[in-house]
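Subject: Structure handover

Hello,

Here is the structure for you to look over. My notes on it follow below.

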Amino acid sequence: MTVLRAYSRRRHRFLTPRRPRNHNLEEQAQALYKSWFVDFEPFRDGQFVDSELGLIPEGWAVRPLGDVTKEMRSKVGIRQDVKVLSPITTGHLVLSEEYFTKQVFSESISKYLIVQPNDFAYNPARVNIGSIGKNVYDFDGCVSPVYVVFRCESDFDLFFDLYRRTEPFKNEVISRSNGGVRQTLGYNDFALIKLVYPQKNVVVMFNEIYGQLLREMSHCSEENISLAEQRDVLLPKLMSGEISIN
């Protein structure tokens, strides 16, 4: 059974309750990645070649991250339209002013690093606890100057977004980090991590399916916000007796 058929047959799961539904969608995305880029299920009928990471589809390659990502060092400077972002252990970059109850960043952010949409950022001293985050907003953000910001090749940001959640990547991060309890992984060491790198046309096809899952997740999140707002309006009225339920 191809990945596309498996994906179609699992669409009924979208009808589950909203929060579990998002969790199910995330699981589907990770299963999709594993099927395509770990087990190579859609490519089993083609030729395979040997590589330092095992057998891979013909035309694919093993490449270090330094060949397919680029460190970004642009600073905020005098810009006034940039919001501070913070990586959290769920693997997201969030708006610091909304996520934290107190300000966790400096008064002056002129030396902070710009994180453009679809760029990634992480704290080198906390990378071993999954602090790599992606800017999924449609505006430029920024992070502390001690952070690392990098950009993937065109069209490969969704691919890397799931690759960074895999056990092989996590193990590579741990093994290449320096130090004791507070391990550190700078970009130069990060760039040495090798991965199985598919052809671009394969990634573009993968993006179409994964992109649909992401749109479903976004729609679920918007529904959750709307329902929470309705609850916050109605609950006080119910408790005060202003409205009643027959």
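The second largest pocket holds about 460 Å³ of space. A pocket here is an open set of points on a 1 Å grid over the protein atoms alone, with protein on both sides within 12 Å along at least five of seven lines; lining residues have an atom within 4 Å of a point. Points are joined across faces, edges and corners, and a volume is the space filled by probe spheres set on them. The pocket has 19 lining residues, and the closest to its centre are Y33, V38, Y163, T166 and P168. The elements giving two or more residues to this lining are α2, α5, α6 (167–176) and β12. By class, the lining has twelve nonpolar, two polar and five charged residues. Nonpolar covers Ala, Val, Leu, Ile, Met, Phe, Trp, Tyr, Cys and Pro; charged covers Asp, Glu, Lys and Arg; the others, Gly among them, are polar.

Before the rest, two notes on the source. This is a predicted model: local features need pLDDT of at least 70, side-chain atom pairs count only at pLDDT 80 or more, and totals for chains, interfaces and linings use all residues. Residues are numbered from 1 along each chain as its sequence is written, and side-chain values use heavy atoms, with hydrogens and water left out.

Now the overall picture. The protein chain has eight helices and twelve strands. These are DSSP runs numbered from the N terminus: helices are H or I with at least four residues, strands are E with at least two. Of its 246 residues, 41% count as buried. Buried means under 20% relative accessible area, exposed over 50%, and partly exposed in between (1.4 Å probe, protein chains only). Among contacts between residues at least 6 apart in sequence, 70% join residues at least 24 apart. A contact means heavy atoms within 4.5 Å.

Next, the core. The largest nonpolar core has 42 residues, and F150, F160, F169 and F190 touch the most other members. Such a core is a set of buried Ala, Val, Leu, Ile, Met, Phe, Trp, Tyr and Cys residues joined through side-chain atoms within 4.5 Å. Another core, of ten residues, lies apart from it; M72, L95, V143 and Y147 are among them. Beyond its neighbours within four places in sequence, F190 is in contact with L65, T69, Y122, I132, F150, F160, F169 and L185.

F206 sits in helix α8 (residues 200–240). It counts as buried, at 0% relative accessibility. Leaving out residues up to four places away in sequence, F206 touches L32, Y33, W36, F37, L158, F159 and L162. F206 and L32 are 174 residues apart along the chain, yet their C-alpha atoms are separated by 8.6 Å.

There is one cavity of 30 Å³ or more. A cavity is a set of grid points where a 1.4 Å probe fits but cannot get out. The largest cavity has about 40 Å³ of space. Its lining includes L65, C152, E153, F160 and Y197. That lining divides into eight nonpolar residues, one polar and one charged.

Last, two backbone points. F40 is not a glycine, yet has a positive phi of about 55°. F40 lies in the loop between α2 (18–37) and β1 (48–49), and is buried at 8% relative accessible area. D155, also not a glycine, has a positive phi of about 80°. D155 is in the loop between β11 (148–152) and α5, and is partly exposed at 32%.

Best wishes
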